[in-house]
Amino acid sequence: MKKIHIGTILPFIVFCLLFASGCSKSSDKKEFRVGLLAISSGELFRHGLYVSRGATLAADEINSRGGIKIGKRQVKIKIFHADSGNNKAITTKAVKELIDSDKVHAVIGPVGSSAAIFAASICNSKKIPLISPSAGTSKLTPLKYAFRVSYTSRIQSKVLSQFAATVLGKQPVAVLYAKNSDYSSEMANFFCSEYRKSGGIITAQLSYNSADREFASQMKKIIESGAGILFMPSNTKEVQIQAAQARMSGYKGVFLGSDSWDPVDLVRNPVFMGSYFTDHWRPGLKIKKSVEFEKAFYAKNSCEPTELEALSYDAMMSLCAAVEYCGSTKGKAIRKALSEMPVYSGVTGKFSYNDHGDPNKDVLISEIMPDGSIESRFIPSR
């Protein structure tokens, strides 16, 4: 076999490496690569659709203006979609592919707290900024490259407890939460702690597994405890079953919820009339950017946007604002810019990310009225 001398192929290897490096740098200069990590299969597929529509609308608007301004040049946004699934294995695989194969500069998503923890841990180790539209878990806070547009579980629990104590008259409260959900468990624990600090009474703190569909024993204890308020920090599907069984069992108190409640479904359910929950956004808010967002969204999709679409829109817009602020697509620079850039005026209100990636913003609390409409008020979180 003919021998090939290293001296003969070395220049060729060097040329290939230089060519590949040049292509990578050229690609970085031409586009800002964003991974969109959202559930696109299973019973929660709608969440993925909302994230995609909100973030894509923002990217399309920026690209229509020529792209993100980085110094004297403009860079177009390119989105890479990935299904986060609803478990650690699928989320982990999807994030690694976005970072290692698609070479994304940043990630938007996932929606749920558990999936966000898995994804953010990987992004943190790779120094890739991640912005979740709605994950509230406090476990994201220690991760340097993790950000979120939504309130943290601690902040909204604090505001909810203050609201229950002042507006709802400091009635005895019972809490029903999913013990196998990071989000639900945190909300329950934080709320109980804050409510007790205000002098309120927690009559029962009861748990269940997310797969449960029968809550007769819990409802019996809740009614016997004399609770005037039932706090249920769980997803809409579970909460609808729980609220229906509570009324059938004879519970006549007020239902109190968190940002996991989806008003699109609940306003059509008479069981929830007179209930309160933390919200992030709703159609009709008198915020200039919110009005503009609604018009643009309807023009593109022929339907009204949801709060998750608004949060995802703000996630993409604030991410791009950080890139323009630092003038770089490098993860370390974007991470620093997100924490240091001026207050961002978004669709969901004005906010800034603190050093821990949590937003400083007021909390929106909504009430479902007897006619199915919603009335909301902003309450300061500080």
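Start by selecting residues 182–197, helix α6. This helix lies across β7 (173–178), β8, β9 and β10. Its direction runs at about 160° to β7. Keep in mind that you are looking at a predicted model.

**The sheet under the helix**

Seven of them form an open sheet with mixed pairing. Step through the order: β8-β7-β9-β10-β11-β15-β16. Which strands stand at the edges? They are β8 (202–208) and β16 (374–379). Each has a single partner strand, so one side of each is left without a neighbour in the sheet. Turn the view to follow the twist, which averages 20° from one strand to the next.

**Two strand pairs**

Select 254–257 and 276–279. These are β10 and β11, paired in the parallel sense over two bridges. Pick L256 and look across to β11: the bridge partner is Y276.

Next, go to β15 and β16. This pair is antiparallel and is joined over six bridges. Select L364, and you will find F378 of β16 standing opposite. Then look at the hairpin that links β15 and β16. Five residues lie between its strands. Click on G372 there; this residue takes a positive phi near 90°.

**Where the helices meet**

Show α5 and α6 together. Two packed helices are described by the angle between their axes and the distance between the axes. Here the axes come within 8 Å and cross at roughly 45°. That angle makes α5 oblique to α6. The crossing of the two helices is right-handed.

Turn on side chains at this contact. From α5, select S153, R154, Q156, S157, K158, L160, S161, A164 and A165. What classes of residue make up the contact of α5 with α6? Eight are nonpolar, four polar and four charged.

**Zoom out**

Finally, show the whole chain. Its secondary structure comes to twelve helices and 16 strands. Along its principal axes, the C-alpha trace spans about 90 × 50 × 40 Å. The radius of gyration is 23 Å. A compact globule of 382 residues would have a value near 21 Å, so the chain agrees with that.

Technical notes: Residues numbered from 1 in each chain as written. Predicted model: local features only at pLDDT ≥ 70, side-chain atom pairs only at ≥ 80, totals over all residues. Heavy atoms only, no water. Pairing = 2+ DSSP bridges. Helix = DSSP H or I, 4+ residues; strand = E, 2+ residues; numbered from the N terminus. Axes fitted to C-alpha atoms, helices over the stretch in contact; angles between N-to-C directions. Contact = heavy atoms within 4.5 Å. Parallel < 35°, antiparallel > 145°, perpendicular 65-115°, else oblique. Left-handed = near helix turned anticlockwise from the far one by under 90°. Nonpolar A, V, L, I, M, F, W, Y, C, P; charged D, E, K, R; others polar. Rg over C-alpha atoms; globule rule 2.2 N^0.38 Å.
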